[in-house]
Amino acid sequence: MLRICSTLARDTSESSSFLKVDPRKKQITLYDPLTCGGLNAFPKRGNQVPPKMFAFDAVFPQDASQAEVCAGTVAEVIQSVVNGADGCVFCFGHAKLGKSYTMIGKDDSMQNLGIIPCAISWLFKLINERKEKTGARFSVRISAVEVWGKEENLRDLLSEVATGSLQDGQSPGVYLCEDPICGTQLQNQSELRAPTAEKAAFFLDAAIASRRGNQQDCDEDDLRNSHMLFTLHIYQYRMEKSGKGGMSGGRSRLHLIDLGSCVKALSKNREGGSGLCLSLSALGNVILALVNGSKHIPYK
């Protein structure tokens, strides 16, 4: 899916000359701004560059509201998660295009809430509806992990909330573990029970507040390289009517990821290129490999 940054709308006449958005057909058309004076203008002879067309599962134009984006991206995923599948929603792109605004939004009004708070609200609403219809029991737990800095450190963003009663306030570190079936998995992060949407929203606020990218002493590099993985773990149980009246159930997860800009300003005296963020195209290759179930994941 594609969301077009609202800053393009600052000069509508300039942007509309090379970009045409068709939300109904779910596609955009790009025209060469050097050879095209407008959508109806013919390119100069000799310099003719044909327009490029790209189709998506959804296209959100500059004036699309947060509610439209949330409904168009996360509603179907939440339905699948309650049905027992794992789901993931994230957005990536260049710096200062509104990725965090799309995922988290602003809490100054309901209209500005992003995908993560909307997903929390809708998930609990759907769970309550499912409880009434089927009698299934649900338990929701929350975890939040940050990947930050050049070394890509892992931090449990809810460790202070989880260990609030402990004197040292320390929790065991989060680490990656290679699972032979599921691939690389995060281990040891806190999973805190959220009986209500309000409690889950409280954990989201706590995670955002403890994020390295939100600290006062955070430099531009840390801000750029701060990624938050906010996960809702949904456990559901059903009483079996047939047989001996046993119990069946399982766990599904909804991963909601706020990526940093994924772009690193290259230093002149870099040491062998270590610690540099991947380009967006490289990240795209990683995502495609994961989605397609490739045996080899690049840049692992």
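Predicted model: local features only at pLDDT ≥ 70, side-chain atom pairs only at ≥ 80, totals over all residues.

Reader: Let's start with the annotated site. Which residues does UniProt list for "binding site"?

Author: The UniProt record, an unreviewed entry, lists Gly93, His94, Ala95, Lys96, Leu97, Gly98, Lys99 and Ser100. Among them, Lys96 sits in the loop between strand S6 (87-91) and helix H3 (99-103), and Leu97 is in the loop between S6 and H3 as well.

Reader: Why does Lys96 count as exposed?

Author: Exposed means over 50% relative accessible area. Lys96 has 73% relative accessibility, so it counts as exposed.

Reader: Now for the charged pairs. How many salt bridges does the structure hold?

Author: There are 3 salt bridges in the structure.

Reader: Why is the contact of Arg253 with Asp86 called a salt bridge?

Author: The definition asks for a side-chain nitrogen of Lys or Arg within 4 Å of a carboxyl oxygen of Asp or Glu. For Arg253 and Asp86 the closest N and O atoms are 3.0 Å apart, so the pair meets that definition. This pair links distant parts of the chain: Arg253 belongs to strand S13 (residues 247-258) and Asp86 to the loop between helix H2 (66-82) and S6, 167 residues apart.

Reader: How do you know whether Arg253 is buried or exposed?

Author: Buried means under 20%, and Arg253 has 15% relative accessibility, so it counts as buried.

Reader: What makes Glu146 and Arg155 a salt bridge?

Author: Their side chains meet at 2.8 Å, N to O; the limit is within 4 Å, so the label applies. Glu146 has a relative accessible area of 0% and is therefore buried, whereas Arg155, with 26%, is partly exposed.

Reader: How do you know that Asp258 and Arg211 form a salt bridge?

Author: The side chains of Asp258 and Arg211 meet at 2.6 Å, N to O, and the cut-off is within 4 Å, so this pair qualifies too. Here again distant parts of the chain are linked: Asp258 lies in strand S13, and Arg211 in the loop between helix H6 (197-210) and helix H7 (220-224), 47 residues apart. Both Asp258 and Arg211 are buried.

Technical notes
Residues numbered from 1 in each chain as written. Heavy atoms only, no water. UniProt positions renumbered as here; feature names shortened; annotations may be inferred. Helix = DSSP H or I, 4+ residues; strand = E, 2+ residues; numbered from the N terminus. Buried < 20%, exposed > 50% of the residue type's maximum accessible area, 1.4 Å probe, protein only.
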